[in-house]
Amino acid sequence: MSNRENVGNRLFYPGHRPFEMEADGVQFHGVVGGSGRPLLLLHGFPETHIAWRRMASTLSREYSLVIPDLPGYGGSEILDPSERFTKRRAARAVSSLMTAFGYKTFGVVGHDRGARVGYRLALDHPDQVRAFASLTVIPTLNAMASVDHEFALKNFHWFLFAQPDDLAEHLLELDPRGYLERVLARMTEGRDFLEKEATEAYHEAFGRPSVRHAIIEDYRSAIQEDLEHDRADRGEGRKLRCPVLVSWPKGSARSDRGSPIEVWNHWAEDVTGGATSGGHLQPEDAPEELLAMLIPFLRKCFLPDRA
């Protein structure tokens with residue numbers, strides 16, 4: 001672990017411990033802390049594990065937190081790149097990580113790409129996941145079915161990154177900092193809630209070619225293998241067995257396509273949730289609103305009669 005990462009952990013997660021652990025072909029990097037029932041927090045694009053810094057202190061009062069960088073993101077190095085890190089492959093790796101920490105069952109909170117890994121984890125490893133919270137995400141199958149020109153214009157990176165050759169890697173290599181500045185400007189919507197230190201940490205990670213390649217492969221898998229895995233699940237009628245909480249930015253749900261809760265009702269039997277006033281980067285933009293939903297949800301999911 002570099003000195004910069006050590007300084008960052010102290011700055012963003014005082015009282016938490018950094019960890020480096022190999023699990024299922026990934027050298028995971030992140031922090032752990034707190035006490036109580038285990039809870040796995042999975043960040044999104046273009047963030048790293050520091051995305052949870054504004055929620056970790058409160059959650060750690062009741063839960064033992066495991067907060068890693070996703071495989072290939074931040075400081076989590078993919079040791080064996082022979083198999084593409086689809087959401088199924090990433091879910092298998094984080095499942096192994098939690099097992100390595102000694103946790104047989106746990107809750108999962110995922111944002112953006114982390115939520116896509118999270119619901120795949122709950123589908124493929126149902127005996128492990130006690131609760132799942134999906135922040136700003138509906139399943140990939142539903143997201144792709146609802147694509148129109150407005151979505152494509154706002155989320156053009158889905159389709160740029162999904163190109164099968166090295167076009168995306170080549171273009172991002174030309175000006176990675178400039179590209180990420182524009183991404184963060186769109187995601188923050190002109191609101192100044194990202195500290196300079198957090199922004200620089202995201203630039204530092206995105207500046208590494210290996211991280212950019214892992215991110216691009218993440219998106220390539222989304223409209224190839226991940227989509228096929230979702231389609232197979234729907235065809236077989238597979239559902240998440242755990243309770244699901246879903247949140248979304250206020251005003252983002254399209255009424256003609258159903259609310260996120262209505263979408264998730266096709267994938268799980270027990271779905272609750274609501275909107276927040278924040279934008280897409282909810283854990284950083286609207287942490288208190290998320291905590292107000294998450295804490296009672298998790299307490300209910302960890303009641304003894306749900307064991």
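1. E62 is partly exposed, with a relative accessible area of 28%; buried here means under 20% relative accessible area, exposed over 50%, and partly exposed in between (1.4 Å probe, protein chains only). The model is a predicted one, in which local features need pLDDT of at least 70, side-chain atom pairs count only at pLDDT 80 or more, and totals for chains, interfaces and linings use all residues. Residues are numbered from 1 along each chain as its sequence is written, and side-chain values use heavy atoms, with hydrogens and water left out.

2. The side chain of E62 meets that of R299 in a salt bridge (2.5 Å, N to O). A salt bridge is taken as a side-chain nitrogen of Lys or Arg within 4 Å of a carboxyl oxygen of Asp or Glu. Because R299 lies in helix α15 and E62 in the loop between α2 and β4, the pair ties together parts that are 237 residues apart in sequence. Helices (H or I, at least four residues) and strands (E, at least two) are DSSP runs, numbered from the N terminus. R299 is partly exposed, at 46% relative accessibility.

3. The structure holds 30 salt bridges. One of them joins the side chains of R113 and D218 (3.2 Å, N to O). This pair links distant parts of the chain, with R113 in helix α4 (residues 113-124) and D218 in helix α11 (residues 209-222), 105 residues apart. R113 is buried at 1% relative accessible area, and D218 counts as buried at 6%.

4. D233 lies in helix α12 (residues 225-236) and R120 in helix α4, so the pair ties together parts that are 113 residues apart in sequence. D233 is buried, with a relative accessible area of 2%, and R120 counts as buried at 2% relative accessibility. A network of salt bridges links R88, R120, D124, D230, D233 and R238.

5. Strand β3 (residues 37-42) has five of its six residues buried, so it is largely enclosed by the rest of the structure. It pairs in the parallel sense with strand β4 (residues 63-68) over four bridges; strands pair if DSSP finds at least two bridges between them. The chain crosses from β3 through helix α2 (residues 53-59) to β4, and this β-α-β crossover is right-handed, meaning that, with the strands pointing away from the viewer, the path from the first strand over the helix to the second runs clockwise. In this pairing P38 stands opposite S64 in β4. With strand β6 (residues 106-111), β3 also pairs in the parallel sense over four bridges, and L42 stands opposite G110 in β6.

6. Aromatic rings of Phe, Tyr and Trp (its six-membered ring) pair if their centres lie within 6.5 Å; planes under 30 degrees apart count as stacked, over 60 as edge-to-face and the rest as tilted. By this rule the count comes to 14 aromatic pairs. The rings of Y63 and F302 have centres 5.8 Å apart and planes at 45 degrees, so this pair is tilted. Y63 lies in strand β4 and F302 in the segment after α15 (287-301), so the pair ties together parts that are 239 residues apart in sequence. Both Y63 and F302 are buried.
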